[in-house]
Amino acid sequence: MTVSTTQAPEIAADGQAPSRLRLSGCWTLEHAVTIGSVLKHVPEGVSEIDATGVERLDSVGVLQLMRYARRHQMDFDASFSFHDSHRALVSAIEDVADERPKKKREYGFQAALARLGFAVTDNWKEVLALIAFFGETLVKMLRLFKNPGRFRPTATVHHMEQVGLDAVPLIALLCYLVGAVVAFLGSTILKDFGATIFVVELVSIAFLREFGVLLTAIVLAGRTASAFTAQIGAMVSREEVDAIRTLGMDPIDLLVIPRVLALLVMLPLLTFIAMVAGLLGGLTVGAYGLDIPPQQYLARMHDTMQLRHFLVGMSKAPVFALLISLIGCLEGLQVQGTAQSVGERTTSSVVQSISLVIVLDAFFAIWFMEMGW
């Protein structure tokens with residue numbers, strides 16, 4: 001039978017300060033039961049505990065003292081003092097103990113109001129960050145005129161292919177089908193008044209002013225903004241962006257400006273393709289579903305189509321392109337370095353892009369209507 005020779009843990013009151021206790025002995029796993037019993041008999045009103053006299057200390061002793069401090073609402077760092085040889089152990093256990101599960105979500109009016117306030121504050125910070133990022137990108141784009149060597153034509157053309165050329169089939173198919181649906185829906189109302197021929201104006205005006213650019217921007221917000229965020233976010237998580245800065249290069253020049261320029265060029269072109277596809281969808285429905293001969297449909301379109309509708313739609317495309325590209329790049333640069341952060345920022349970029357595109361499109365529609373355009 002082995003007899004322990006280590007001194008049992010003890011607690012004694014400080015004669016000079018009644019609210020101060022002094023610990024001694026060995027606060028280790030060997031005396032775990034004794035430690036729990038000793039701490040249960042500690043009198044109330046203790047505000048400070050001196051553990052510098054402890055001979056041996058391990059994780060069990062530290063965790064027991066931390067639990068005592070938590071139960072008695074004591075500040076562990078301020079109320080407990082340890083020997084210099086034990087501070088490293090205590091700090092390491094504190095770091096691990098801080099990774100405990102979060103509190104359950106609180107419910108009620110006050111908690112909901114607090115969450116609403118935090119959400120508004122976070123959204124306002126996102127708006128300010130986007131405005132600041134737009135200013136920084138604009139300044140560095142203007143710098144290209146002074147230093148043309150900073151321009152990356154190869155990267156720009158590569159992103160133009162990814163953003164524009166690869167998206168043409170999807171945009172064309174989607175807008176063709178939507179054009180057909182708009183023609184069908186319009187005909188169900190107009191035929192009651194014997195005005196089926198006005199489906200031509202409905203489809204042409206709708207796609208030239210709104211649907212062409214809006215559908216293109218929404219598709220690119222989900223397809224391109226997420227790709228930009230994931231690509232740049234992966235580089236941030238692998239510390240490639242930090243390596244770029246270490247080499248004396250600017251990540252805005254290398255990663256952001258080529259993507260912004262590519263989207264600024266390709267989104268108007270995709271918008272034009274979307275308009276043509278939507279008009280073809282309406283023409284198909286008119287010819288095969290509404291008994292409007294293609295020659296009559298095209299003649300009516302030629303007589304009623306106005307250039308201002310086309311210009312209104314095309315004027316929105318650069319604004320949407322700039323918005324989508326900036327949000328995608330900014331969210332990618334804000335990745336914290338983990339895979340979870342990449343996923344969260346990718347989702348955030350898609351939601352922000354689609355939401356702001358729809359809000360801006362509504363603003364444009366009201367403004368153009370008030371201006372008589």
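# Surface patches, nonpolar core and backbone of a predicted model

The structure is a predicted model, in which local features need pLDDT of at least 70 and side-chain atom pairs count only at pLDDT 80 or more, while totals for chains, interfaces and linings use all residues. Residues are numbered from 1 along each chain as its sequence is written, and side-chain values use heavy atoms, with hydrogens and water left out.

**Positive patch**

- Patches consist of residues with over 30% relative accessible area and no salt bridge, where like charges are joined within 9 Å and nonpolar side chains (Val, Leu, Ile, Met, Phe, Trp, Tyr) within 5 Å; a salt bridge is a side-chain nitrogen of Lys or Arg within 4 Å of a carboxyl oxygen of Asp or Glu.
- Helix 2 (residues 59-71) provides the largest share of the positive patch, three residues, with helices taken as DSSP runs (H or I, at least four residues) numbered from the N terminus.
- Lys 40 belongs to helix 1 (residues 32-40), and it counts as exposed because its relative accessibility is 71%, given that exposed means over 50% relative accessible area, buried under 20% and partly exposed in between (1.4 Å probe, protein chains only).

**Nonpolar patch**

- A nonpolar surface patch is formed by Phe 109, Leu 113, Leu 116 and Val 120, which together have about 450 Å² of accessible area, computed by the Shrake-Rupley method with a 1.4 Å probe.
- Phe 109 lies in helix 5 and is exposed, with a relative accessibility of 69%.

**Nonpolar core**

- In the largest nonpolar core, which has 63 residues, Val 203 and Ile 324 touch the most other members; such a core is a set of buried Ala, Val, Leu, Ile, Met, Phe, Trp, Tyr and Cys residues joined through side-chain atoms within 4.5 Å.
- At least two residues of this core come from each of several helices, among them helix 5 (109-146), helix 10 (251-288) and helix 13 (339-371), whereas helix 8 gives the largest share of this core, 16 residues.

- Thr 137 is located in helix 5 and is buried, its relative accessible area being 2%.
- Between Thr 137 and Val 256, which are 119 residues apart along the chain, the C-alpha atoms are separated by 7.7 Å.

**Positive phi values**

- Gln 73, in the loop between helix 2 and helix 3 (76-79), is a residue other than glycine with a positive phi, near 55 degrees, and it is exposed at 76% relative accessible area.
- Glu 239, in the loop between helix 8 and helix 9, is also not glycine and has a positive phi near 65 degrees, and its 55% relative accessibility makes it exposed.
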